[in-house]
Amino acid sequence: MASHSDAEAAAVFVAQDGMVPQSAARRAFRAIGTAAWSALDVMLPPLCLGCRTRIMAHDALCPACWRRIDFIRPPLCDRLGLPMPYDTGGPMLSAAAVADPPDFDRARAVASFDGLMRELIHSFKFHDTHNARRLFGRWLAEAGREILDEADVLVPVPLSRWRLLTRRFNQAQILAAETGRRANKPVKPFALVRSRSTPHQVGLTRAQRQRNVASVFRVPQSEMADVSGKAIVLIDDVITTGATASAAATALKRRGARRVDVLALAIVSNT
Ligand SMILES: [Zn+2]
């Protein structure tokens, strides 16, 4: 398992330079990763990522676990990405998006943050179990196809420095690398810097919330060229209230981002 993990880790780090895979070094890394993976395919039986029963293919779920994921399917609110009860045939806005529009343009998510999706994300974040990342990458590329097609760059939502120290990795960066590879889009992991966690926003007015999160994210001077005039897709694991994504979008737009969409594995739908 170690050889595969090392090759994959190297591939992820190479991907973080933001270049679309072209270089000879990158092709070599990918070849090593692919060869190690193929060898493992022969040696290890594929197991369901949810319940560890034997299945036919790697990086997948058994049918019972698949049914425990509440996938988000159209019709959707074009801004918030949440399901709508009916389809009018064109872009639609939910009442929530009209009453309190977010600072990002469009959000899309793979599933509701409950059931097995919640368990998979929890083990991905807190138990260092990254074996679901290929499945996550496939899901994100599919759920975000519309916004990824129009994207210039992908930017993972960063962790604050102390949280990165305690967790040792940023799960959003791993998801961005997987998604960027599949969608063939450059990933810019350093385009945003986070100075602190997003403060609680419950019960505040829109203006108060915007003041509250104004200094959470910033774009370093060195990253301006990757932000100004660009269509950006922010990548995160979960959209909870949308406050974090809105704060990140505000920081990017202040530096001239043309549009900022958000793509996540899961979204909390408390409506
Ligand atoms: Zn299963």
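These are my notebook entries on one predicted model and what I looked up in it.

**Ground rules.** I number residues from 1 along each chain, as its sequence is written.

**Whole chain.** I found 11 helices and six strands; these are DSSP runs numbered from the N terminus, with helices (H or I) of at least four residues and strands (E) of at least two. Of the 271 residues, 38% are buried. Buried stands for 20 or more other C-beta atoms within 10 Å of a residue's own, exposed for 12 or fewer, and partly exposed for in between, with C-beta atoms placed from the backbone.

**Helix α5.** I looked at residues 115-126 and found that this helix of 12 residues reaches 17 Å from first C-alpha to last, close to the 16 Å expected. The expected span is 1.5 Å times one less than the number of residues. Which residues of α5 are buried? They are Met117, Leu120, Ile121 and Phe124. Down the axis of α5, the buried residues fall within an arc of 95 degrees, so they line one face of the helix; the arc is taken from the directions from axis to C-beta atoms.

I spotted a cis peptide bond between Pro74 and Pro75, with omega about 0 degrees. Pro75 sits in the loop between α3 and α4. Arg52 is not a glycine, yet its phi is positive, about 65 degrees. I found Arg52 exposed, with 10 other C-beta atoms within 10 Å.

Key
Predicted model: local features only at pLDDT ≥ 70, side-chain atom pairs only at ≥ 80, totals over all residues.
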